[in-house]
Amino acid sequence: MAESLLELRSLRKSFGGLAVTRDVSLSLSTGEIHALIGPNGAGKTTLVHQVSGTLRPDSGQVRFEGEDVTRLGLAARARRGLARSFQITCIIPGFSALENVALAVQARAGSSFRFFRPAGREAALNGEAMEALREVGLHGRADLPAGALSHGEKRQLELAIALAMRPRALLLDEPLAGTGPEEAERLIRILSALKPRYGILLIEHDMPAVFALADRISVLAEGRVIASGIPAEIRADAAVRAAYLGEEEG
Amino acid sequence: MNTTLLLVQALNGLQFGVLLFLVAAGLTLVFGVMDFINLAHGVQYMVGAYLGAALAAMTGSFWLGLLLALPAALVFGLLLEWLVFRHLYARDHLSQVLATFGVILFLNEGVKAVFGAAPLQMPVPEALSGGVPIMEGLLYPTYRLAILAAGLLSAGLLWFLVERTRAGMLVRAGASNAPMLGALGVDVNRLFMLVFGFGAMLAGFAGVMAAPILSVEPGMGDNLLILAFVVIVIGGIGSVRGAFIAALLVGLVETIGRAMLPDLMRLMLDPSAARQTGAALASMLVYVVMAVILAVRPAGLFPVRR
Amino acid sequence: MRWRNAALPLLIFAALALAPFVGFGQGHSLTLLARAMIFGMAAISLSLLVGGAGLVSLGHAALLGVGAYAVVVLDHARVTEALVVMPVAIGVAALFALLTGAVAIRTSGVHFIMITLAFGQMAFFTASSLAIFGGDDGYTLYGRLELGGSRLLENRLFFHFACLALLAGTWLLVEALLRSRFGRVLRAARENETRARAVGFAPYPFRLAAYVIAGAIAGLAGVMLANSAEFVAPAYLTWQRSGDLLFMVILGGLAGPHGALMGALAFVLIEEWLSHLTEHWRLIFGPLLILCVFFMRDGIAGLLRRG
């Protein structure tokens with residue numbers, strides 16, 4: 001079997017004596033959305049940090065496109081095509097929406113040790129940035145300071161930034177968190193349109209959205225993957241219902 | 001002969017170290033608990049020395065001077081906290097650095113305006129004048145030993161306060177996780193004031209103790225401040241224990257370096273150049289030590305925050 | 001708003017160009033203006049670090065001092081050609097910035113402030129130890145630099161315009177840097193380092209490059225400072241001088257190099273005015289600084305923008 005786009009092999013991480021990630025293995029292929037769900041405190045965010053390079057696992061491997069990237073940091077993994085969004089919106093509030101995205105374009109288009117030409121007037125950067133904004137439906141707000149956008153728009157902006165990096169894999173940490181029903185619906189539409197071109201690892205609390213979008217679902221509880229399969233299997237899994245879905249509904 | 005010299009220098013170093021610790025202790029607590037960079041902590045040491053010298057001259061007694069200078073230094077520290085510092089807790093480090101730099105400018109000039117630019121003298125108290133034989137044929141000044149003892153005693157007292165009392169427990173909690181204090185319902189402002197006043201008093205105490213052996217002059221706190229910063233960075237910000245060990249280390253390195261390096265330099269340079277170069281290199285030595293320690297342990301020897 | 005950022009400095013440059021011809025042509029005024037312009041260069045270079053890269057350095061005076069001492073060392077060796085001395089001084093200051101910055105930029109926040117302070121102190125004590133260059137007492141130059149063999153810099157008016165040209169050049173350079181791709185990465189990393197990393201920029205090499213550029217500019221300012229006074233002393237490198245430079249940057253405002261420019265000019269003029277008023281002018285200057293921090297958060301540039 002050919003190696004998947006992204007593969008986690010037996011990741012372990014503990015803080016002090018507390019094991020937060022216990023032997024997690026996952027894989028992600030191009031063209032699929034692999035959702036990661038689990039109750040609060042299951043260790044989802046810690047896992048995302050290890051995948052994106054913000055945290056280093058105590059043991060285990062993160063492989064991306066067949067290469068071991070475990071020892072690379074956030075910036076280096078981003079340059080290789082592994083983009084992430086954040087649970088708490090992470091944008092540059094003082095930059096315009098366009099410049100936020102242009103920064104991402106700049107990261108892969110030529111050297112950034114260019115000292116004299118005004119970056120704001122580089123048509124190539126702005127053009128691609130505008131393209132990404134259009135893809136998420138934010139092109140009308142390009143010149144606004146990012147800090148002045150609504151919460152939902154900031155989530156869209158963050159997605160546009162990730163897209164502008166032209167990644168192969170997207171790590172989305174609760175992209176729907178804090179959005180209203182309309183904004184959520186729009187984001188879901190955008191995500192399903194993106195699916196064929198990327199591999200998406202989606203961490204999300206919104207169960208209807210997860211079951212609508214995901215090709216595969218893995219359930220994390222107490223740092224361990226307790227179930228993994230297609231949505232129908234997960235829905236039927238007794239252990240999952242007990243550990244997680246039961247809680248949600250009860 | 002050489003071992004005697006070394007012993008004397010080691011004692012001098014330890015004595016300088018405990019003075020440094022008294023200044024650094026307040027600095028590291030204020031820094032650790034309030035995340036507040038107080039460049040003006042050095043002038044509190046200077047103010048203590050001036051208060052001690054002036055009050056001793058006024059009352060004619062070292063002991064009365066010391067006794068009155070302590071509460072005076074405390075009040076002065078609280079006044080500064082009320083006037084300036086408390087408005088800076090919520091600001092960034094840059095603002096704190098600048099505003100407290102302004103306090104330094106003002107106070108250095110202020111003592112110059114009041115007491116003149118010439119150094120002030122404070123006599124060694126009668127009871128502590130003279131020397132103690134510490135080796136055959138070697139008298140070490142009693143007063144310097146008294147400083148060492150007083151410094152160690154204060155360090156012990158501080159250790160007790162921080163490790164064994166409720167207020168100390170809060171201070172330690174604040175140093176490792178400041179937001180938690182507010183969540184626990186502690187009156188953070190009161191605690192800040194307490195820590196601040198106490199730190200100011202310790203620095204003032206160091207100033208009074210140092211007054212008879214150093215010259216009391218404007219700007220005397222500036223270089224000590226920088227060394228105190230080196231101490232808390234080496235020791236780990238917020239750690240009293242770290243400050244104690246780092247202060248003794250810095251005191252020893254500085255003093256012994258100052259005594260030994262000129263002699264070493266003399267092997268290469270002519271005597272007058274050797275003296276100057278050696279002294280300057282000795283001053284640099286402390287910073288080299290700091291750079292090396294930070295390179296190995298970026299958070300200092302005893303990091304408090306995780 | 002943007003035209004104002006350019007219009008103000010242009011107005012200031014025009015005023016500085018006219019000053020010698022409208023009653024500020026005598027020696028004392030020109031010395032003062034030269035001092036203001038030289039500190040303007042240094043403050044602009046520091047604003048690239050503080051405002052652009054978010055690096056609060058409390059050791060910037062050391063870089064100025066390294067430039068000044070390069071002049072001293074070469075003067076002692078009877079090398080006084082500006083076309084040689086300037087590149088050497090700039091190179092040495094940049095090298096010093098590279099070596100110290102490589103260590104300092106690994107730290108952040110308070111530790112960065114402290115470690116730049118420590119390196120500044122090391123430079124200060126080194127300067128004090130240079131017995132052949134006067135040690136603590138400083139060193140008097142044989143004379144100002146020669147320019148292509150001529151003694152043009154001895155001419156007060158020429159020196160004035162040389163300072164002005166360098167100041168304007170510094171402003172243009174830093175303004176361009178901040179707008180460039182390089183500057184965009186610096187600004188992004190200052191505002192939100194995680195975001196910069198997440199799109200693939202590790203800030204370290206960018207910050208180090210900014211530190212080296214600022215060091216080179218400060219070194220050049222040091223050359224001009226040495227020539228202006230024809231004297232160099234370790235006092236140029238004290239941490240208090242670094243504090244002064246930081247004050248200039250904040251006084252003017254962090255919004256861009258025009259802030260530092262105005263801050264430096266205002267600083268030198270206020271200092272001059274107060275010191276005429278009373279011997280104890282720092283009694284006023286200190287509280288003034290505190291009030292600025294309390295009430296003028298965006299500096300002079302902020303006041304002008306609002307007004």
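Here are some questions and answers about a predicted model with chains A, B and C.

Reader: I am new here, so how are residues, chains and ligands numbered or lettered?
Author: Welcome! In this predicted model, local features need pLDDT of at least 70 and side-chain atom pairs count only at pLDDT 80 or more, while totals for chains, interfaces and linings use all residues. Residues are numbered from 1 along each chain as its sequence is written, and chains are lettered from A and ligands numbered from 1 in the order in which they are written.

Reader: Which pair of chains shares the most contacts?
Author: Two residues are in contact if their C-beta atoms, placed from the backbone, lie within 7 Å. No contact joins chain A and chain B, whose closest C-alpha atoms are 11 Å apart. Of the 2 pairs of chains in contact, the one sharing the most contacts is chains B and C.

Reader: Which element gives the largest share of the side of chain B that touches chain C?
Author: This contact takes 35 residues from chain B and 36 residues from chain C. Helices (H or I, at least four residues) and strands (E, at least two) are DSSP runs, numbered from the N terminus. On the chain B side, α4 (93-115), α9 (220-235) and α11 (271-296) each supply at least two residues. The largest share, 15 residues, comes from α4(B).

Reader: How do the residues of the side of chain A that touches chain C divide by class?
Author: Here 28 residues of chain A are in contact with 20 residues of chain C, and α3(A) gives the most to the chain A side, with 5 residues. Ala, Val, Leu, Ile, Met, Phe, Trp, Tyr, Cys and Pro count as nonpolar, Asp, Glu, Lys and Arg as charged, and the others, Gly among them, as polar. By class, the chain A side has 18 nonpolar, 5 polar and 5 charged residues.

Reader: What is the radius of gyration of chain C?
Author: Chain C has 13 helices and 2 strands, and its C-alpha atoms fill a box of roughly 55 × 45 × 40 Å along the principal axes. The radius of gyration is taken over C-alpha atoms, and the globule rule is 2.2 Å times the number of residues to the power 0.38. For 307 residues the rule gives 19 Å, so chain C is as compact as a globular protein of that length, with a value close to the rule at 19 Å.

Reader: How many of the 11 residues of helix α7 of chain C are buried?
Author: A residue is buried if 20 or more other C-beta atoms lie within 10 Å of its own, exposed if 12 or fewer, and partly exposed in between, with C-beta atoms placed from the backbone. The buried residues of α7(C), among them C:F182 and C:L186, pack against α3 of chain A together with α2 (27-53), α6 (156-179), α8 (193-198) and α9 (203-229) of chain C. Helix α7 (residues 181-191) is largely enclosed by the rest of the structure, because the number buried is 9.

Reader: Which residues touch the most other members of the largest nonpolar core?
Author: A nonpolar core is a set of buried Ala, Val, Leu, Ile, Met, Phe, Trp, Tyr and Cys residues joined through C-beta atoms within 7 Å. The largest one has 293 residues, and those touching the most other members are A:V101, B:V230 and B:V231.

Reader: Which helix gives the most to this core?
Author: One member, B:V231, touches B:L20, B:A24, B:A243, B:A246, B:A247 and B:V250, not counting residues up to four places away in sequence. With 16 residues, the helix that gives the most to this core is α1 (residues 2-34) of chain B.
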